[in-house]
Amino acid sequence: MRGEGYQSSIAASAEEGFELATTNKYSIVILDVRLPGLDGLSALPKFHTLTDGAPIIVTTAFGDLNTAVSAVRSGASDYLTKPFKLDELLHTCRRAVATRGKAATAEQGGAAENQTLIGQSAAMQQVFKQIALVADSELPVLIMGETGTGKELVAAAIATHSAGRSEPFIAVSPVALNSDLLESELFGHVRGAFTGAIEDRKGYFERAAGGTLLLDEIGELPLSLQVKLLRVLEQREFTRVGDHQPIAANFRIIAATNQDLRDAVQRGEFREDLYHRLAGMLIYLPSLRERDGDVPQLCSYFLRKLARDRKVDLTLSEDFVADLNKRPWHGNVRELRNACEHAVIIARGRQLTIDDFPKSQPGRSVSSESTVPSPSKVVQRWASEQLGNEAIRGKLHSEFLADFESQLFKAVLAFTNGNRVQAAQWLGLNRATLRERLKNYANNAQDS
């Protein structure tokens, strides 16, 4: 920090830090969670007061969802899981100092007692941070991820840590409802609205009042209802079928999908304006293949739950763990959970072996479960649309880079919350190269 031009002090405990903060003025605090004496999260509000609201960056080697939520609610400006790269810390510090005073401290509240989202991987820590940051807002959230990754658990976690945590959390999938009555199921209806409507009936929108409504598989919503959902989000009101009296839409919408809605927008199957409304915050839920090191932890968690009802040897040998990590887990966390239950039944109390698990389904590739369309098909479709356009002759390659490389950069920067250091690491580019290319794209956008 001194090398960056900061004057810095070091405290070995929260109590020692309080003394320093009483006699010195600090622009930023980097606070560990595990400390001798008072722990970091308990000390955070006092540091916030003593430093007159200086940004506080919480660091911990034991990151979980409850810790992330507690840190944000206690006034932390950011949250880093150890080990982290020093460049990442410096970027976080610069951003926190630059935005000081723009964010209000959220009221501290209790976290969920039952931890249902498990993971120490960097990918899941990013998800935990996004949940913590968005939970207390009213911002719509779009959760994208493969089947079986736990999208409903993420939605429930957001609802659990929101201001409306005591109000209903309702999860509904449009494809599971009667297509002929879908509008009535969502909006409700009044008596006589259609044949068979013998009484007034509340829809899911009205039943979710004050709470959170999860619209799962949102990509399957018919275009006619996409228009009406957009109106609900924009006007914050809706009308029952057959009625003219608007009802206030005082609920939070979270949408989830195993599709890439951006691709659906390009195909004309999903409204672009609705996509942007729903994606107030976009949370990408990683597949189990992307969650390095999380499989053994998840397996132990599921086995502990099963041990409550059955005799289970919870010892996991190194070979067993290695075999777990080798498996592709195309069905993600859902497949792992079901496989654990299958293994416990087969093992009947002895130590588990990999042979106790059901065999992975043969012939399934990662791409068959991917939410992202085949890159080759996307490029072929793009090229076929461009060829024949004389205006683009001689510029096809540069146009390709402008269309696709810039979108890649946007996706990676969205995933890293704008952290260019992390984005460059994911892309395998030098930071200066990434910065220059982003600048060029920004200039070209302004020129056009």
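Guide: Let us begin with F404, which is partly exposed, with a relative accessible area of 25%, where buried means under 20%, exposed over 50% and partly exposed in between, with a 1.4 Å probe and protein chains only. F400 is likewise partly exposed, with a relative accessible area of 25%. This is a predicted model, in which local features need pLDDT of at least 70 and side-chain atom pairs count only at pLDDT 80 or more, while totals for chains, interfaces and linings use all residues. Residues are numbered from 1 along each chain as its sequence is written, and side-chain values use heavy atoms, with hydrogens and water left out.

Rings of Phe, Tyr and Trp (its six-membered ring) pair if their centres lie within 6.5 Å, and planes under 30 degrees apart count as stacked, over 60 as edge-to-face and the rest as tilted. By this rule there are ten aromatic pairs. The ring centres of F400 and F404 are 4.7 Å apart and their planes lie at 25°, so this pair is stacked. Because F400 and F404 are four residues apart in helix 17 (residues 396–415), about one helical turn separates them; helices here are DSSP runs of H or I with at least four residues, numbered from the N terminus.

Elsewhere, ring pairs link F187, F205, F238 and F251 into a cluster.

Technical notes: Helices (H or I, at least four residues) and strands (E, at least two) are DSSP runs, numbered from the N terminus.
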